[in-house]
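Trainee: I am new to this structure, and I would like to learn how its features are read. Could you take me through them step by step?

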Amino acid sequence: MNYRAEIDGLRALAVIPVILFHAGFEIFGGGFVGVDVFFVISGYLITSIIINDIEKERFSIINFYERRARRILPALFFIMLITIPFAWMWMIPTQLSDYSQSLIAVSLFASNILFWRESGYFDAAAEEKPLLHTWSLAVEEQFYMFVPLLFGLFWGLGQKTLLMVLISLAFASFITALTTNSDSPMTAFYLLHTRAWELLIGVIAALKSDSIKSFKPNAALMSNIGLILIVAGLTILPSNALWPGGWTLVPVIGSLLILLFGREKSFAHAVLKLAPLRFVGLISYSAYLWHQPILSFL
């Protein structure tokens, strides 16, 4: 796929509020919304790679997982290794026991399940968990266990059939998130079946990105609306908003619009292509990995 500088800017717009939220800046009380933006971006980029490989007749599920491992694991395992001596020196026995469990869970891409069972994301004790942020990586990797299989099963039946399957799954996941949130907010927050719809929005965007020519005259407007929605999701989140839920549609749809129309020259395009934002976007994975351990141990 062709490089899109504005997507790096979008990554920066996602990671900066997450870091500031975890650092306690009240102006970014909705900073955790950045994770939702990341989910949409991730679904889009991975699907674009899969489609490109299928069209060039070189797609392999084994190669897909191998590339994901090379992309994710070295930096992740290095962070885990770095945190061990600090945990050993500074944690009391009960904390050290919880931390040891998280090391195992992260290695198995199951940390979202562990942290779901332990406590809430917004609890004070959560600030002392150096690997808490890996829950979102676990959701992504669990999701990517299934996406290549879906493409393998339905691509041959035509893109329309595949698209209908993806839309149906996204709708079912979103409804599940809404119904689960009222009874068990932490279940809805952490687990794959209530988060999959956000990644699937990115998958759908990748499938439709080359077939929306009828919207081209309004592309700049749609791109600008997307940026406004993302900023709104980050800054004016209602205090009683359940997450993920109806309000989550605001940044998710905003991300979708940027991915579909962000190539066109617009205010949003100009902002997201700014060099400082692109730089942060290029290091966003590392920044995301490092911030929580540093803040936690501090």
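Mentor: Let us begin with helices, which are DSSP runs of H or I with at least four residues, numbered from the N terminus. Phenylalanine 78, for example, lies in helix H3. Please keep in mind that this is a predicted model, in which local features need pLDDT of at least 70 and side-chain atom pairs count only at pLDDT 80 or more, while totals for chains, interfaces and linings use all residues. Residues are numbered from 1 along each chain as its sequence is written, and side-chain values use heavy atoms, with hydrogens and water left out.

Trainee: Is phenylalanine 78 buried or exposed, or something in between?

Mentor: Buried means under 20% relative accessible area, exposed means over 50%, and partly exposed lies in between, with a 1.4 Å probe and protein chains only. Phenylalanine 78 has a relative accessible area of 44%, so the residue counts as partly exposed.

Trainee: How is an aromatic pair read, and how many aromatic pairs does the count come to?

Mentor: Rings of Phe, Tyr and Trp (its six-membered ring) pair if their centres lie within 6.5 Å, and planes under 30 degrees apart count as stacked, over 60 as edge-to-face and the rest as tilted. By this rule the count comes to 16 aromatic pairs. One of them joins phenylalanine 86 and phenylalanine 297, a tilted pair at 5.8 Å centre to centre with 40° between the planes. Phenylalanine 86 lies in helix H3 and phenylalanine 297 in helix H15, so this pair ties together parts that are 211 residues apart in sequence.

Trainee: What does glutamine 292 touch?

Mentor: Contact means heavy atoms within 4.5 Å. Glutamine 292, in helix H15, is buried at 5% relative accessible area, and, not counting residues up to four places away in sequence, touches His22, Ala126, Glu127, Lys129, Pro130, Leu132 and His133.

Methods. Helices (H or I, at least four residues) and strands (E, at least two) are DSSP runs, numbered from the N terminus.
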